Amino acid sequence: MATTSAPARPARSGFLLDLYRSALGKKYLMAVSGIVGLGYVFAHMLGNLKLYQSAEDFNAYAAFLRRLLYPILPESGTLNLLRLVLIAALVVHVVSAYQLTVMNRRARPERYKGPRDYVVADFAARTMRWTGVIVLLFIGYHLADLTLGWVNPAPSGSTPYEKVIASFSSLPIAAFYLVANTALGLHLYHGVWSLFQSMGWNNRRFNHLRRSFATGFTLVVVGGNLSFPIAVQLGIIS
Ligand code: HEM
């Protein structure tokens with residue numbers, strides 16, 4: 001009697017791996033890493049409001065961040081852990097964005113030619129990649145400026161407050177911060193709006209709330225951020 005062997009089954013990868021490889025999985029990753037970024041920019045803006053209190057308060061706040069959970073963890077230990085989470089979120093966000101772009105191009109190699117798709121997507125949505133690149137370049141400059149002090153005009157050994165004032169007293173640097181934070185605003189606005197979609201938290205009845213939340217969040221974070229270089233340029237803080 002002839003023996004028939006069962007047809008070979010295609011190798012099954014795990015559910016999580018399949019999800020990771022899918023566009024949906026990448027959108028989840030973008031949304032979750034985006035939420036980490038949103039939490040950071042909100043908390044960072046709130047902390048920076050101490051600039052309006054006094055130099056001592058602002059510097060004390062910077063020192064407080066280094067002593068979070070001290071002595072359970074060594075000095076700067078918690079801050080370094082938070083930095084790792086932020087870096088991981090940034091890498092996941094940028095890599096997923098790149099992979100999604102490649103997947104979209106493969107699925108639709110011919111670009112739309114007519115102006116019609118421009119009507120559908122608003123300005124913030126259409127410029128996500130560009131505003132993302134500007135924010136990325138800004139973060140690089142910002143770290144070299146205020147964290148590492150490499151490009152900061154203040155003498156070495158200056159306090160965080162002195163570094164901020166030295167940077168924003170320069171008109172070109174202040175202007176760069178204004179442009180970068182406006183790009184951040186466009187990115188945040190569309191990002192907040194679309195993360196609800198990616199996470200499946202969308203419902204026609206609540207869409208107007210989504211829009212209001214995206215607008216409110218963006219105005220608070222970016223309004224605060226724009227106010228700092230403007231306040232230094234106008235001599236309100238010095
Ligand atoms: C005009 C608005 C801003 C001001 C005044 C400001 C101020 C500062 C200061 C003073 C530091 C150094 C803190 C320290 O070393 O003690 C810092 C670090 C940092 N800022 Fe900003 N920042 C602003 C906007 C932003 C934005 C929009 C982002 C992100 C998109 C951002 C991301 C960071 C990051 C990642 C660090 C490094 C944190 C660390 O590792 O300690 N900042 N910022």
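This is a predicted model: local features need pLDDT of at least 70, side-chain atom pairs count only at pLDDT 80 or more; totals for chains, interfaces and linings use all residues.
## Ligand contacts

A polar contact is a pair of N or O atoms within 3.5 Å. For His142, the distance from a side-chain N or O atom is 2.7 Å. For Asn48, the corresponding value is 3.4 Å.

## The shell around the ligand

The ligand is surrounded by 21 residues. His44, Asn48, Arg66, Arg83 and His142 are the closest. By class, the shell holds 13 nonpolar, six polar and two charged residues.

Helix α7 gives the most, with six residues.

## Aromatic pairs

The whole structure contains 11 aromatic pairs. One of them joins Phe176 and Tyr177 edge-to-face, with 6.4 Å between centres and 80° between planes. Tyr177 is buried, because its relative accessible area is 3%, under the 20% cut-off. Phe176 is partly exposed at 30%.

Phe196 and Phe213 are also edge-to-face, because their planes meet at 85°, over the limit of 60 degrees. Their ring centres are 6.1 Å apart. This pair links distant parts of the chain: Phe196 sits in helix α9 and Phe213 in helix α10, 17 residues apart. Phe196 is buried at 18% relative accessible area, whereas Phe213 is partly exposed at 44%. Both rings belong to one aromatic cluster, together with Phe42, Trp201 and Phe217.

## Charges over rings

Two charged ends sit over aromatic rings. Lys26 lies over Tyr20, 3.9 Å from the ring centre. Arg211 lies over Trp193, with its charged end 3.9 Å from the ring centre.

Note on methods:
Residues are numbered from 1 along each chain as its sequence is written. Side-chain values use heavy atoms; hydrogens and water are left out. A residue is near a molecule or strand if one of its heavy atoms lies within 4 Å of it. A polar contact is a pair of N or O atoms within 3.5 Å; within protein, one must be able to donate a hydrogen and the other to accept it, and residues adjacent in sequence count only if both atoms are side-chain atoms. Helices (H or I, at least four residues) and strands (E, at least two) are DSSP runs, numbered from the N terminus. Ala, Val, Leu, Ile, Met, Phe, Trp, Tyr, Cys and Pro count as nonpolar, Asp, Glu, Lys and Arg as charged, and the others, Gly among them, as polar. Rings of Phe, Tyr and Trp (its six-membered ring) pair if their centres lie within 6.5 Å; planes under 30 degrees apart count as stacked, over 60 as edge-to-face and the rest as tilted. Buried means under 20% relative accessible area, exposed over 50%, partly exposed in between (1.4 Å probe, protein chains only). A charge sits over a ring if NZ of Lys or CZ of Arg is within 6 Å of the ring centre and within 35 degrees of the ring normal.
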